[in-house]
Amino acid sequence: MGLREDLDRFREVGEKRREDLADFIRYGDLGGSSREEINVPVKIVSLPSFEYDQRDQGGVGQGDGDTPDVGQPVGQPQPQPGEDGEEDGDEPGEESGEHEYYEMDPEEFAQELDEELGLDLEPKGKKVIEEKEGPFTDLTRSGPDSTLDFERMFKEGLKRKLAMDFDEDFLREVCKVEDISPREVFEWAREENLPVSMAWIEDAFREIPDDERGTWTSIEEVESEVERESVQQKIRREGIKHVPFRREDERYRYPEIVEEREKNVVVVNIRDVSGSMREKKRELVERTFTPLDWYLTGKYDNAEFVYIAHDADAWEVSRENFFGIRSGGGTKISSAYELAAELLEEYPWSDWNRYVFAAGDSENSSNDTEERVIPLMESIPANLHAYVETQPSGNAINATHAEELERHFGDDEDVAVAYVNEEGDVTDAIYEILSTESDTDE
């Protein structure tokens, strides 16, 4: 196998691993992983080995002894007769492949999920943890000579030269017009936007020889008989002998101050634990929320998690109890958001990114969604609010919470609603949630 075939195999292995990851999220046992280490079951495959291309028949690496032969895998001994890796009776493809676990940290998990689902979430830091010097892009009027921006100063001086210079020879010819006065020459020059002073014109008049006075009958005659040279033409002909610099042209470069921001996130997970949330619904919630936790852990420098369970009342629970707890009470979703607002006071919006994820079967107390939940969601600043409805057996008559949220928020970029009725819906729900977040900081 040649190098090109090996690279193709490596790409296939990467694609297969992402497929394994998606299947793991939908159907695998999530309990065997922790927030710091995700164990993804993968089917063992024989990884490709780099070999010399069959077309390379000469050059370095060819020869006898310990030197590899054409087609021999690099770093592997040449098979001896009777040692080709097969035993009598073996037929390819008769045995099923074994499974092992591929260990990945949350950062790698987030990267793989981005590639699998086509996500592009780039967290923004909020809390400033360090200010440091960046590139010398800013300018000030004073500084050490070593930081003087000479290129800028030269450009300013050159612009001044272009604005102040004029064709002196042509203006001297104007001064030779019959019976013209220095004042008349000055006024004509001002009309022509020539940057000449009255003193210069008076000096030019005094320097004209008597026999050259009255050479021209009018300025029009001068313009028709004498070719006027532009400043650009003069510079091209003579070059730049003098650039009029001024103190005000001096600028000194100093480094831009760059703020290093720590990417902190707090994730509030809310789950309905009322009597209607039976085992299958609880499992779908876990299958959706757990990868979200892993993903955000991998994306942020510092991730904190808060878990809230609720029936008609709400209380904070540990992660270990969050997915398994069950209550026999009724349902009042607003109680969870009231508690979330209270707990989030420890995580100021100015310093923390916030995600509020809630899940349940969309059953809620009468009018609670419209009168309490929606106003609470609007009052809690967050990168994203999301609600996941789980109804494996189809919608119940009074399961309207998700629909009411969709109807109220519509295409709001800070609110996502997803439906998970079976395991196959999980990755679509995760994509719907993570692709909804807007790009704004505030």
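This tour visits a sheet, the helices beside it and several salt bridges. The model is predicted.

**The sheet.** Begin by selecting the open sheet of six strands, whose order is β9-β8-β7-β10-β11-β12, with mixed pairing. At its edges stand β9 (314-317) and β12 (415-419); each has a single partner strand, so one side of each is left without a neighbour in the sheet. On average, neighbouring strands here are turned by 20° against each other, direction ignored.

**Two parallel strands.** Next, select residues 264-272 (β7) and 353-360 (β10), which run parallel and are joined by seven bridges. Within this pair, valine 268 stands opposite valine 356 in β10.

**Helices on the sheet.** Then show helix α13 (residues 401-409), which lies across β11 (384-389) and β12 and runs at about 145° to β12.

**Salt bridges.** Which residue forms a salt bridge with lysine 281? Select aspartate 361: the closest N and O atoms are 3.0 Å apart. Lysine 281 lies in helix α9 (residues 279-299) and aspartate 361 in the loop between β10 and α12 (368-379), so the pair ties together parts that are 80 residues apart in sequence. Both lysine 281 and aspartate 361 are buried.

Move to helix α1 (residues 3-27), where arginine 26 and aspartate 23 are three residues apart, about one helical turn. Their side chains meet in a salt bridge (3.0 Å, N to O). Arginine 26 is buried, at 18% relative accessible area, whereas aspartate 23 is partly exposed, at 35%.

Note on methods: Residues numbered from 1 in each chain as written. Predicted model: local features only at pLDDT ≥ 70, side-chain atom pairs only at ≥ 80, totals over all residues. Heavy atoms only, no water. Pairing = 2+ DSSP bridges. Helix = DSSP H or I, 4+ residues; strand = E, 2+ residues; numbered from the N terminus. Axes fitted to C-alpha atoms, helices over the stretch in contact; angles between N-to-C directions. Contact = heavy atoms within 4.5 Å. Salt bridge = Lys/Arg side-chain N within 4 Å of Asp/Glu carboxyl O. Buried < 20%, exposed > 50% of the residue type's maximum accessible area, 1.4 Å probe, protein only.
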